[in-house]
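Reader: I would like a close look at one part of this model, with the cut-offs stated.

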Amino acid sequence: MPSREMTMAEALRDAMRLAMREDPRVFLLGEDIGIPGGFGGGFTVTLGLSEEFGHERVMDTPISEIAIVGAAVGAAMVGMRPIAEMQYGDFVFCAMDQVVNQAAKMRYMSNGQVSVPMVLRLPVGATRRGAQHAQSTEAYFMHTPGLKVVCPSNPYDAKGLLLAAIWDDDPVVFLEHKLLYGGKGGRKEKTSLDPVALVPEEAYTLPLGSLAIRREGTDITVLANMLMVHRAMQAAAELAQAGISAEVIDVRCLAPLDWDMLIASVRKTNRVLIVEEDNLTGGWGAEVAARLGELAFDHLDAPIRRIAAPDVPVPTAPALENAYLPHAERITEVVREMVGR
Amino acid sequence: MIFDVVMPALGATGGDVTIQEWLVQPGQRVEAGTPLVVVETDKATVEVEAFRAGYVRELLAKPGDAVSIGAVVARLTDSMEALTETPVAPLPSTRSTREHESTEVKASAGKLGVSKLPAKASASNRLIPDDATEISADLLLSMFRQMVLIRRFEDHLYQLFLQGLVPGTLHQSQGQEAIAVGVCAALRRDDVIFSTHRPVAHVIAKGGSVNAIAAELWGKATGCARGKGGQMHLTDVAVGVMPTNAIVGANVPIATGAALGFRLMGTDRVAVSFFGDGAVNTGAMHEGVNLAAVKDAPVIFVCENNQYAASTHISHNLRIATIAERAKAYGIPGFTVDGMDVVAVYESARAAVARARRGEGPTLLEYTCYRYMGHSRGDPGNYRSKQEMAEWRSRDPIPKCRALLLNDFGQDERTLDEIEAECQAEVEAAVAFAMSSHEPAPEEALRNAYTTWPEVFYAQP
Ligand SMILES: Cc1ncc(C[n+]2csc(CCOP(=O)(O)OP(=O)(O)O)c2C)c(N)n1
Ligand SMILES: [Mg+2]
């Protein structure tokens with residue numbers, strides 16, 4: 001099938017465009033997403049969509065996070081497939097009731113009489129804007145039964161997983177790392193990585209819950225998501241020079257989570273390092289470590305370790321932000337300690 | 001009793017004063033001292049206050065009018081009953097009306113009394129729907145039956161609660177039946193309602209099965225949510241009862257979203273959000289109503305003002321005299337209506353529903369009422385006076401409806417007694433059904449959190 005180089009923002013936009021063409025139930029709502037001459041959402045992802053689909057289906061809302069998520073919940077319950085956007089992932093805390101008490105619990109409380117097929121898109125990650133525009137929020141949602149949680153690291157996965165999220169009948173929290181979007185011009189992030197990938201032009205889905213082995217290895221399993229996948233890959237390349245074979249698994253779906261694949265990797269490597277941008281205490285890595293400890297203890301030759309952000313809010317100054325985020329050097333260092341080489 | 005509001009001298013020279021702006025609307029409750037109207041004298045602009053508590057019956061002058069000292073400018077009543085014959089206010093019917101309103105707020109305030117209806121206002125602008133011929137005896141009978149069914153059910157539940165036989169919590173709505181019934185009678189089966197922690201009346205009124213509700217209260221497998229919902233979370237999607245919500249205020253934006261969904265699907269279905277006087281101070285309410293307003297969502301916001309949020313009287317929570325006033329801040333119509341009168345509820349709801357179906361946007365309907373029982377199980381309601389309770393009970397919607405049926409609709413006592421007996425039997429059968437149903441299997445607890453969850457990914461240690 002014909003493919004094209006896309007950034008993550010383009011791939012996400014492409015997914016939404018194809019879904020909206022295919023199904024009139026799909027619509028978008030959020031702040032500044034469709035205003036002519038505007039930005040296409042906080043990070044250009046919805047740029048051009050209101051021109052194609054109109055302002056009813058690319059619905060600009062007041063600055064009302066409760067109403068954005070609440071309206072998505074209500075529309076989803078009566079059969080629509082809304083995609084709601086928070087301008088920054090941190091703002092979802094304004095609407096936590098709607099996510100946790102409403103979207104997540106409706107199906108259960110009604111014994112399956114309703115479901116909530118909505119997607120909630122959250123731009124996350126530290127980008128020199130300070131503590132309230134930076135947090136990685138996945139652990140909150142992974143902890144919440146009723147929600148599915150997706151956190152891609154590249155344009156190909158972003159498109160396939162977003163389409164899967166749109167067609168899924170449950171509420172999906174979809175995290176997008178701001179340093180991976182590939183924004184252009186004024187919307188380009190200073191420290192961004194902006195991966196570009198060949199992405200099929202037609203629609204395709206990747207299974208929700210699936211993980212991806214980014215690099216095969218035998219000495220240690222490194223688990224990472226979003227931006228940290230790229231840092232882990234950088235570290236793995238350096239480690240290879242030193243003769244250490246690291247397997248890097250992109251934990252692109254946190255709920256459901258493919259435990260079988262993780263256990264299979266642990267059986268092979270007998271060591272696990274988890275790398276995450278969210279805070280250490282109660283981060284997604286804590287759950288993964290605990291669960292692998294229970295499910296794969298017999299295959300572990302060393303304690304599972306985690307590299308995460310420290311338990312402080314995200315700082316702003318470049319020097320501080322730099323100190324806060326996990327880096328490839330640190331990954332290399334810890335892997336060497338664990339492998340003993 | 002009706003009392004005239006007379007233009008006082010205001011220390012002016014004695015000439016005419018000019019009405020600038022009304023601060024109240026017909027139907028609104030006022031206290032002694034509540035500012036009623038802004039007037040301009042030759043010296044200053046002043047507010048004229050109510051000289052006594054009561055309800056605004058009508059406004060007799062409009063902004064811009066010059067009135068002389070001593071002229072009657074408005075009328076108050078001392079009881080809400082007298083308000084049911086109150087002239088109803090026009091609903092702004094089109095976007096252009098509303099835009100007009102926003103530039104001429106002062107002029108619009110004067111148009112609220114029926115006596116001041118602008119000559120070209122069409123019938124569809126009024127709170128009573130255009131096609132409201134007389135309410136039929138059949139409709140009134142069916143509303144009577146539903147109110148009785150709800151009351152009998154709630155009373156029966158209370159007795160069982162006193163005997164320790166109700167397993168979970170209980171939020172009852174005796175006294176508020178007319179609102180649930182009048183509003184739902186104005187809806188179609190394919191319209192949806194979003195209710196609250198106090199949902200039983202709404203669910204029955206929308207056509208939910210009493211058996212399934214009772215069984216849900218008793219946590220049985222035959223309950224409408226197989227025991228995963230409980231008293232505060234009833235659902236019956238087949239009749240348009242969406243999951244009822246125990247987070248105060250939360251259903252306001254949700255109902256707005258459902259309404260937007262209906263419009264996007266190209267249907268004329270509408271959504272109703274029921275909430276209490278306590279909910280109006282939540283952020284969700286503000287965001288939800290405003291979003292509905294700016295998008296002209298086909299949703300009706302139904303506020304059951306039973307005067308209390310748990311133990312807290314509304315006067316502690318609100319600085320304004322009515323909740324309907326809030327509507328003005330969102331640029332939508334808002335009305336205060338007697339919620340103890342099922343006909344008044346039905347007619348006002350029908351007007352709001354018709355407006356929503358015409359694509360003209362949301363309406364805020366405030367229904368004044370009272371909950372006879374405590375807030376929830378075990379609340380003796382010590383924060384309320386006996387006198388207050390007796391006053392409200394004397395306005396009970398059910399005897400009022402019964403009298404109407406007997407006096408104006410040619411029904412006889414026997415027919416109505418039979419209805420009461422049938423409802424009692426239905427209620428007792430439902431509770432017996434609930435109590436004798438079997439409990440859900442423990443595995444049921446694990447079902448239905450997700451629509452799909454890949455089995456292989458269940459890795460429970
Ligand atoms: C967000 C939230 N805060 C507090 C409560 C606890 N609570 C349940 S009902 C209630 C009072 C609600 O009053 P009102 O909205 O007037 O409804 P009513 O009970 O009178 O029907 C309170 C405080 C809640 N359920 N949700
Ligand atoms: Mg109340």
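How many nonpolar, polar and charged residues does the shell around ligand 1 have? Please go on from there to the contacts of the ligand and then to the interfaces.

Author: This is a predicted model, in which local features need pLDDT of at least 70 and side-chain atom pairs count only at pLDDT 80 or more, while totals for chains, interfaces and linings use all residues. Residues are numbered from 1 along each chain as its sequence is written, chains are lettered from A and ligands numbered from 1 in the order in which they are written, and side-chain values use heavy atoms, with hydrogens and water left out.

The shell around ligand 1 has 7 nonpolar, 5 polar and 2 charged residues. In this scheme Ala, Val, Leu, Ile, Met, Phe, Trp, Tyr, Cys and Pro are nonpolar, Asp, Glu, Lys and Arg are charged, and the others, Gly among them, are polar. Of the 14 residues around the ligand, those that come nearest are B:His197, B:Arg198, B:Ala246, B:Gly278 and B:Asn306; a residue is near if one of its heavy atoms lies within 4 Å.

B:Gly278 places a backbone N or O atom 2.8 Å from an oxygen of the ligand, and a polar backbone atom of B:Ala279 is 3.2 Å from one. On its own ligand 1 has 570 Å² of accessible area, and the protein covers 68% of that (Shrake-Rupley method, 1.4 Å probe).

The chain that holds these residues is divided into domain 1 (2–84) and domain 2 (106–438) of chain B, with bounds from an automatic or database domain assignment. The centres of the two domains, taken over C-alpha atoms, are separated by 33 Å.

Chain B also meets chain A: 48 residues of chain B are in contact with 52 residues of chain A, contact being heavy atoms within 4.5 Å. Together the two chains bury about 4,100 Å², with 63% of it on carbon and sulfur atoms; buried area is the accessible area (1.4 Å probe) that two parts lose on being put together, summed over both. The rule finds 1 salt bridge across this interface, where a salt bridge is a side-chain nitrogen of Lys or Arg within 4 Å of a carboxyl oxygen of Asp or Glu. B:Arg263 and A:Glu56 meet in a salt bridge at 2.9 Å, N to O.

Chain A is divided into domain 1 (7–200) and domain 2 (212–339), and their C-alpha centres lie 26 Å apart. Their contact takes 30 residues from domain 1 and 27 residues from domain 2 of chain A. These domains bury about 2,300 Å² between them, 64% of it on carbon and sulfur atoms. In domain 1 of chain A, A:Arg128, A:Met142 and A:Cys151 lose the most area to domain 2, together 26% of what that side buries. Across this interface the rule finds 2 salt bridges; A:Asp157 and A:Arg214 also meet in a salt bridge, at 2.4 Å, N to O.

Technical notes
Polar contact = N/O pair within 3.5 Å; in protein donor to acceptor, adjacent residues only side chain to side chain.
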